[in-house]
Amino acid sequence: MKSEFAFIALPISALVVPSAFAVRYLTVDQAQQAIFPGKSFTAAPVKLTSVQRKAIEQASGVRVLHDEQQVWRVSGGGWFIVDEVVGKHEFITYAAGLNPEGSVKQIEIMGYRETYGGQIRDQKWRAQFVGKTSKSTLKLDSDIKNISGATLSCRHITDGVKRLLAFYEIALRH
Amino acid sequence: MRSHSGIEIRRCRPLLGTLVEIACQGSPHDIDCAFTAMEKVQRLMSFHDPTSDVARMNRHASRRPVKVHPWTWRVLKSAQEFSRKSDGVFDITMARQLVKWDYLPRSGTRLCSAGSWRDIVLDDEHNVQFRHRLIVDLGGIAKGFAVDRAVAALKNNSVTAGIVNAGGDLRTFGSASEVVYVRHPVEPTRTAGAVRLRERAMATSGVYFERRKYRGKYVGPILDGRTGQSACELISVTVAAAECMIADALTKLVFTLREKVAGLLAQYRADALLLERNGTPSWMFHSPCDTRDQTRFD
């Protein structure tokens, strides 16, 4: 098949882009089915005590931003957690599936917002990942689907998962 | 909902130090297979993971042959070819400089000053041996290879169209073309232009957010293997080629050699686009192969 490479110069209006790129990949339901296909889920949110919070921070070396953690118990064993991480330029919502014994089964990015000098913690953006209310399917803000060039690192997610594993040990396991 | 390019499913996972997005006209299982292939590349070629082929080579290959996975061996073979064809500008043994500048972790590696890509010996049994105390890093090429493996996995599952994007190293396949926006070299939430791609891989490198000061001078992670000096101009380089590994490696060469790399780009049937810090293209190279008639620059 013939290949193609064509550079398209954009009109000025398109170049002065948004202060943020945002992508939404999965709703809570979709993320659950992506990590644990065919299973059912029981909401089991956890509110951390200050003692637990400190213990998690100590064990993981990562700061705990929220006392409240969105957790679901998976039929047949395992846990499904929705979590978020904030970097200097990014706000990422992701889902982590844990096996019954606490190891990571799978991580799926549910969505991210990337801003430079803008407001990272957009409440409306966050709201769409809270609970199971969001019905929307995959949608990208603006028409920009693919971007090439310096991109987000996954360092904050690595830290987030470290924190979740400590959370499991301290707040879920027993 | 079926979009014009037929892409029906889009997933994103943290991998290879970045966010990897796979979109295709396929099933969640197809996407799982593609991510699994990329995870395998990460496991084999990570500089950080002590059990990877790269870490094992860096620990032992200066004393005895180290047997590596066929994939690692293939990437090493390609790296050697890029080194030979660029007269050593591309050199995976520059890892020692990246360690010195803290782009790579020091742990478990001993700094060494001698040796180059010429001291890496590969035999046909997939054994690797270093003639000097060397360390190697496949960071400039393995991400592209991982994208190629993901595309191969999708095709292997009879997926007919898709795109894999590993933080700017991407590859598209299928009959429809995809529009990929290229970030502004200095202001990453602005786009400097867009490229239409079909059946092609593309990689973009820039150093603005990666450059740092070392002893009062700016350094960056893209090095000239002949001199050990880094290229840290505020530009971005985009290369399109048939395979993402090729595009990935060639961006580093365009960074250092600029227009002088035209011959090599032609050999690899690659296209290149160089953006200056104000976001305007200063150089475009069109591969003299069949992409030419479709390459348009308004």
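This is a predicted model: local features need pLDDT of at least 70, side-chain atom pairs count only at pLDDT 80 or more; totals for chains, interfaces and linings use all residues.
**Confidence**

Chain A has a mean pLDDT of 80, with 74% of its residues at 70 or more, and for chain B the mean is 85, with 89% of the residues reaching 70 or more. Within chain A, strand 3 (residues 41–43) has the highest confidence, at a mean of 96, and strand 9 (residues 139–140) the lowest, at 39. In chain B, the highest mean is 98, in strand 3 (residues 66–67) of that chain, whereas the lowest, 71, belongs to strand 12 (residues 217–219).

Some stretches call for separate mention. Residues 131–142 of chain A stay under 50 in pLDDT, and the model gives them 24 contacts beyond four places in sequence. In chain B, the pLDDT is below 50 over residues 1–5, a stretch with 9 contacts beyond near neighbours in sequence, and it also stays under 50 over residues 292–298, for which there are 20 contacts beyond four places in sequence.

**Strand pairing**

| Strand | Partner strand | Bridges |
|---|---|---|
| Strand 1 (residues 9–15) of chain B | Strand 2 of chain B | 7 bridges |
| Strand 2 of chain B | Strand 6 (residues 162–166) of chain B | 5 bridges |
| Strand 5 (residues 68–74) of chain A | Strand 6 of chain A | 4 bridges |
| Strand 6 of chain A | Strand 7 (residues 90–98) of chain A | 8 bridges |

In chain B, strand 2 (residues 18–24) has 7 of its 7 residues buried, so the rest of the structure largely encloses this strand. On one side of the pairing, strand 1 of chain B and strand 2 of chain B make a hairpin with 2 residues between them, and Leu16(B), which lies in the turn, has a positive phi of about 55°. Leu15(B) has Thr18(B), in strand 2 of chain B, as its bridge partner. Strand 2 of chain B is also joined to strand 6 of chain B, in the antiparallel sense, and there Cys24(B) has Gly162(B) as its bridge partner.

In chain A, strand 6 (residues 79–86) is likewise described by its burial: 7 of its 8 residues are buried, so the strand is largely enclosed by the rest of the structure. Strand 5 of chain A and strand 6 of chain A form a hairpin with 4 residues between the strands, in which Gly76(A) takes a positive phi near 85°, and the bridge partner of Arg73(A) in strand 6 of chain A is Trp79(A). The hairpin that strand 6 of chain A forms with strand 7 of chain A has 3 residues between the two strands, and Glu84(A) stands opposite Thr93(A) of strand 7 of chain A.

Helix 6 of chain B (residues 244–257) comprises 14 residues and spans 20 Å from its first C-alpha to its last, close to the 20 Å expected at 1.5 Å a residue. This helix is mostly covered, with 13 of its 14 residues buried, and Arg258(B), which follows the helix, has a positive phi near 45°.

The largest nonpolar core holds 84 residues, of which Met38(B), Met45(B), Met57(B), Leu250(B) and Leu265(B) touch the most other members. Helix 6 of chain B provides the largest share of this core, 10 residues. At least three residues of the core come from each of domain 1 (48–130) and domain 2 (180–191 + 199–287) of chain B. Apart from this core lies another, of 41 residues, among them Tyr25(A), Val28(A), Val71(A) and Phe80(A).

Beyond residues up to four places away in sequence, Met38(B) touches Leu15(B), Leu16(B), Val20(B), Ile22(B), Ala146(B), Val147(B), Ala150(B), Val164(B) and Ala166(B).

Met94(B) is located in the loop between helix 3 (70–85) and helix 4 (95–100) of chain B. Its relative accessibility is 7%, so Met94(B) counts as buried, the cut-off being under 20%. Not counting residues up to four places away in sequence, Met94(B) touches Leu223(B), Asp224(B), Gly225(B) and Gly228(B).

How values were computed:
Residues are numbered from 1 along each chain as its sequence is written. Chains are lettered from A and ligands numbered from 1 in the order in which they are written. Side-chain values use heavy atoms; hydrogens and water are left out. pLDDT is the predictor's confidence in each residue, from 0 to 100. Contact means heavy atoms within 4.5 Å. Buried means under 20% relative accessible area, exposed over 50%, partly exposed in between (1.4 Å probe, protein chains only). Two strands pair if DSSP finds at least two bridges between them. The expected span of a helix is 1.5 Å times one less than its number of residues. A nonpolar core is a set of buried Ala, Val, Leu, Ile, Met, Phe, Trp, Tyr and Cys residues joined through side-chain atoms within 4.5 Å. Domain bounds come from an automatic or database domain assignment.
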